Amino acid sequence: MLNIAVLISGRGSNLQALIKACQEKSLPATITHVISNRDNAQGLAYAKEAGIPTTVLRHNGFPDRETFDKAMHQVITQSGATLVCMAGFMRLLSPWFVKKWHNRLINIHPSLLPSFKGLHAAQQALDAGVKITGCTVHFVREAMDAGPIIVQKAVPVLTGDTEEILSARILKEEHKAYPEALTLIAGDRVVIKDEVVVIKSVGQEQY
Ligand code: GRF
């Protein structure tokens, strides 16, 4: 069984999708802890409803990024988690934390990376005039929105789309992509070779 800690800052719809997948047992994992850097994150309610322990760590109570991340690391390890999932966690992580959780730290981003990194990814897609965008679940590296890609889902950009409409269409796919990526990891099917993810097929011993 995979033990996961989830980091959130706000709405928490991806957290909700992960909770549902665990409850339905399509994802063989346990969410051991949810950490938010904001006490008003709506996502905290989903965790509480599901009986998952939560911790709020207000980042302005810490002198610097690394001290905050060390406090977070302690909560995560004490919970027994061996994998950390960022789900709308709106805070850059320190190089210390990223190194500590190398290949055990995952993020979801609302674009087909490496396109449209950073904030307002759907608006960036609209501005670029692309006809397909989507979402990406990837391992976290020090550079923002970079790292080996585990799962991507494509979403069409339609005439008349606004940032809000397109973001909502992407979000629906995010809710499938995140549990799917974690299911691959839980099944020990994800191998990173030269910074590229190779998905082992079931029963495959050599890759
Ligand atoms: C999602 O679009 C995710 O890709 C991005 O932040 C948003 C979080 O949404 N990193 P939610 O809090 O999971 O609803």
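**A strand, a helix and a ligand**

Guide: Let's start with Val-34, which sits in strand S2, residues 29-36. Keep in mind that this is a predicted model.

Visitor: Is Val-34 buried or exposed?
Guide: Buried: its relative accessible area is 0%, and the cut-off for buried is under 20%.

Visitor: What is Val-34 in contact with, leaving aside neighbours within four places in sequence?
Guide: Val-6, Ile-8, Leu-15, Ala-47, Ile-52, Pro-53, Thr-54 and Thr-55.

Visitor: OK, switching to helix H6. What span should its 24 residues have?
Guide: H6 covers residues 163-186 and should span 34 Å at 1.5 Å a residue. Its end C-alpha atoms are 34 Å apart, so the two agree.

Visitor: And where does H6 bend?
Guide: At Glu-173, by about 25°. Glu-173 is also one of the buried residues of H6, which include Glu-174, Tyr-178, Leu-182 and Ile-185.

Visitor: What comes after H6?
Guide: Asp-188 follows the helix, and its phi is positive, near 60°.

Visitor: How many residues are in the largest nonpolar core?
Guide: That core has 43 residues. H6 gives the most to it, with eight residues. Apart from it lies another core of 19 residues, among them Met-72, Val-75, Met-86 and Phe-89.

Visitor: Back to the largest one. Which residues have the most contacts inside it?
Guide: Val-6, Ile-31, Ile-106, Ile-150, Tyr-178, Leu-182 and Ile-185. Take Ile-150: not counting residues up to four places away in sequence, it touches Ala-181, Leu-184 and Ile-185, and also Ile-106, Val-137 and Phe-139, among others.

Visitor: What about His-73, buried or exposed?
Guide: His-73 is in helix H3, residues 65-79. It counts as buried because its relative accessible area is 16% and the cut-off is under 20%. Beyond its neighbours within four places in sequence, His-73 is in contact with Trp-96, Phe-97, Lys-100 and Trp-101.

Visitor: Now the ligand. Which residues are around it?
Guide: Arg-11, Gly-12, Ser-13, Asn-14, Gly-88, Ile-108, His-109, Pro-110 and Glu-174.

Visitor: What polar atoms lie by the ligand's oxygen atoms?
Guide: A polar side-chain atom of Ser-13 is 2.5 Å from a ligand oxygen atom. For Asn-14, a backbone N or O atom lies 2.9 Å from an oxygen atom of the ligand.

Visitor: And which residue has a polar backbone atom 3.0 Å from a ligand nitrogen atom?
Guide: That's Ile-108.

How values were computed: Residues are numbered from 1 along each chain as its sequence is written. This is a predicted model: local features need pLDDT of at least 70, side-chain atom pairs count only at pLDDT 80 or more; totals for chains, interfaces and linings use all residues. Side-chain values use heavy atoms; hydrogens and water are left out. Helices (H or I, at least four residues) and strands (E, at least two) are DSSP runs, numbered from the N terminus. The expected span of a helix is 1.5 Å times one less than its number of residues. The bend at a residue is the angle between axes fitted to the seven residues ending there and the seven starting there. Buried means under 20% relative accessible area, exposed over 50%, partly exposed in between (1.4 Å probe, protein chains only). Contact means heavy atoms within 4.5 Å. A nonpolar core is a set of buried Ala, Val, Leu, Ile, Met, Phe, Trp, Tyr and Cys residues joined through side-chain atoms within 4.5 Å. A residue is near a molecule or strand if one of its heavy atoms lies within 4 Å of it. A polar contact is a pair of N or O atoms within 3.5 Å; within protein, one must be able to donate a hydrogen and the other to accept it, and residues adjacent in sequence count only if both atoms are side-chain atoms.
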